[in-house]
Amino acid sequence: MIVSDKSRPVRSYSLSADVVRYSLVILAALAVIFPLYFTVITSVKTDENYSRDKIGFPTEIHLENFNTALRGGRFFLWFKNSVILASGAVVISTIVSALAAFAFARMDFKIRNPLLSAVTALMIIPPVVMLVPLFVLLTNLGLTSTYWGAILVYGGMVTPFSVYLLTNFFKTIPFEIVESALLDGATSFDILWRIILPLSAPAMITMIVVNLLWVWNDLLIALVLLPQDNLRPLMVGITVFGSRYNKDVPVTMAGMLMASLPMIVVYLFGQRYFIRGLVAGAIKG
Amino acid sequence: MLRTNRITPYLYLAPMVLLLVFTFGYPLVAIANFSTRRIRGISGPFIGLENYRQIFKDEVFRQAVEHNLILLIAVPIMLIISIILAVVLFERIRGWQFFRSLLFVPYVLAIPVVGVVFSNILQLNGVQNQILRSLGLERFALDWIGNPQITLYSVMAVIIWREVGFGIVLFLARLQSINEELIDAAKVDGADWGQRLWFVIIPQLRSVIEFYVVISIITMLAWVFSYIYTISRGGPGNATIVMELYIYNFAFRNQLPGIASAVAAILFVVTLILMFPLFRFRSETAMEEMG
């Protein structure tokens with residue numbers, strides 16, 4: 001379903017009901033804003049300014065916390081690692097899921113329904129359950145502490161959701177379109193590649209955004225599979241950074257702000273895909 | 001349906017099956033195997049259910065389970081907050097789209113960022129206590145993440161802070177697809193706001209509520225590692241240890257993957273059991289949408 005964005009005229013309600021309504025929303029908004037406000041103002045304070053006053057605006061704007069953070073943490077390296085992991089996992093998962101979803105949505109075979117149910121069920125299994133055997137397996141294959149090992153694991157972890165989302169979307173594409181291509185002698189792969197995929201852009205974008213977010217935000221798997229400092233993705237990096245600088249709060253906040261910027265930018269531009277994608281698990285996308 | 005020969009579908013499925021066997025299939029079989037062995041390093045002798053006996057005797061495991069169960073208190077709290085806010089936004093208050101975007105922001109932020117920021121806010125000398133003191137509420141200025149009695153609840157509050165946005169967006173999306181004539185009719189019949197909520201809106205949301213509750217229960221039992229790790233590392237002492245951290249510690253600190261696998265197996269079975277209502281719900285909505 002699509003979240004509609006059209007505004008409608010405000011309906012008339014009693015004044016007291018409106019007071020309650022607005023108070024609730026404003027209270028919630030303040031609860032959301034306060035930690036964000038705190039992070040931003042603290043990131044430009046000196047340590048001395050911070051210990052004197054933690055709530056108010058900074059007496060002067062000090063941007064050197066960002067420099068200190070950049071020198072203390074390898075943000076660019078962590079960022080690069082995260083980009084490699086997330087994009088690698090998304091590419092693998094997208095290819096594998098598109099092929100499988102095409103079979104689930106458009107072909108008849110014996111184990112279709114039980115297999116689709118089993119794949120869907122995997123969405124809910126927490127990664128921590130698989131962690132120990134995955135670590136052992138990757139160690140035996142010599143793939144711990146490599147991008148490849150982690151990319152395969154991440155790609156696998158996000159695949160059940162991708163298959164689920166794409167299968168549902170592929171089913172909504174009218175069969176007449178496919179039929180006319182068949183008459184022209186197209187093979188099944190032509191149909192997927194030339195007809196289904198170009199029509200599936202919205203679903204693909206939604207899936208990619210959700211999967212990027214999943215891999216980008218993971219801490220546990222990276223902590224176990226990529227322990228070396230030079231392979232750390234951003235989330236592991238900032239966790240280590242946060243505990244190393246916990247005495248210097250302004251520098252920590254500067255680091256957290258820099259680490260969040262990419263996702264905030266993506267959110268600002270791709271908001272509807274975020275919302276649609278995250279709701280897709282519950283209400284069909 | 002496309003007419004294909006018998007093997008074509010399986011060719012399309014093969015890469016997915018391989019990848020899922022690697023990331024899910026093998027590990028799920030392996031934890032059953034590992035959990036019945038005393039493993040040092042790569043492998044070890046079969047010891048039956050000894051690992052399970054060990055963990056059920058372990059006081060720390062009991063605490064971990066208890067803490068996960070305490071975190072379940074967050075589920076009804078998140079449910080109530082997100083339904084109320086979704087309904088208020090649904091009633092098209094001025095700027096509802098802005099508020100929807102704003103209230104969803106925490107869910108977009110990475111958990112480690114949220115964890116690190118809140119662990120600074122909640123310090124004994126942190127900003128939260130400065131505010132409380134300046135309001136004359138000195139006695140409420142507690143050691144939020146240093147006092148073993150309350151740290152788990154502080155973590156719970158942070159989880160609620162970040163996760164409520166998902167519930168709001170979920171319920172709002174569902175509300176926007178229900179038939180508003182029902183609500184208008186109830187209004188014409190003189191139902192007040194509370195009655196409309198209880199008798200009209202909530203029944204309409206029933207299946208999404210069920211989904212949200214199950215997902216949230218699973219989150220509280222098995223997806224809170226990043227919060228715990230970045231806010232309290234399970235401490236002070238074992239005051240915030242949870243099953244995931246217990247698995248992590250046993251596998252990668254204490255080098256006892258057998259014990260860790262036994263806990264993972266238990267967690268897996270719990271998730272499986274919780275999955276049943278979800279599947280019933282999924283097939284129901286599938287039916288509704290077909291019909």
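H67(B) lies in helix α3 of chain B, which covers residues 59-71. The model is predicted. With a relative accessible area of 7%, H67(B) is buried, because that value falls under the 20% cut-off.

**Secondary structure of chain B**
- Chain B contains 13 helices and zero strands.
- Read from the N terminus, its elements run α-α-α-α-α-α-α-α-α-α-α-α-α.
- Helix α3, residues 59-71, is the one that holds H67(B).

- The C-alpha trace of chain B spans about 75 × 75 × 30 Å along its principal axes.
- Of the 291 residues in chain B, 58% are buried, and H67(B) is one of the buried residues.
- Among contacts in chain B with a separation of 6 or more, 68% are between residues 24 or more positions apart.

**Surface and charge of chain B**
- Chain B has an accessible surface of about 12700 Å².
- Carbon and sulfur atoms account for 64% of that surface.
- Chain B carries 22 positive and 18 negative charges.
- The mean position of the positive charges is 10 Å from the mean position of the negative ones.

How values were computed
Residues numbered from 1 in each chain as written. Chains lettered and ligands numbered in written order. Predicted model: local features only at pLDDT ≥ 70, side-chain atom pairs only at ≥ 80, totals over all residues. Heavy atoms only, no water. Helix = DSSP H or I, 4+ residues; strand = E, 2+ residues; numbered from the N terminus. Buried < 20%, exposed > 50% of the residue type's maximum accessible area, 1.4 Å probe, protein only. Contact = heavy atoms within 4.5 Å. Areas by Shrake-Rupley, 256 points an atom, 1.4 Å probe, with all protein chains shown as cover. Lys, Arg positive; Asp, Glu negative; His and termini not counted. Charge placed at Lys NZ, Arg CZ, Asp CG, Glu CD.
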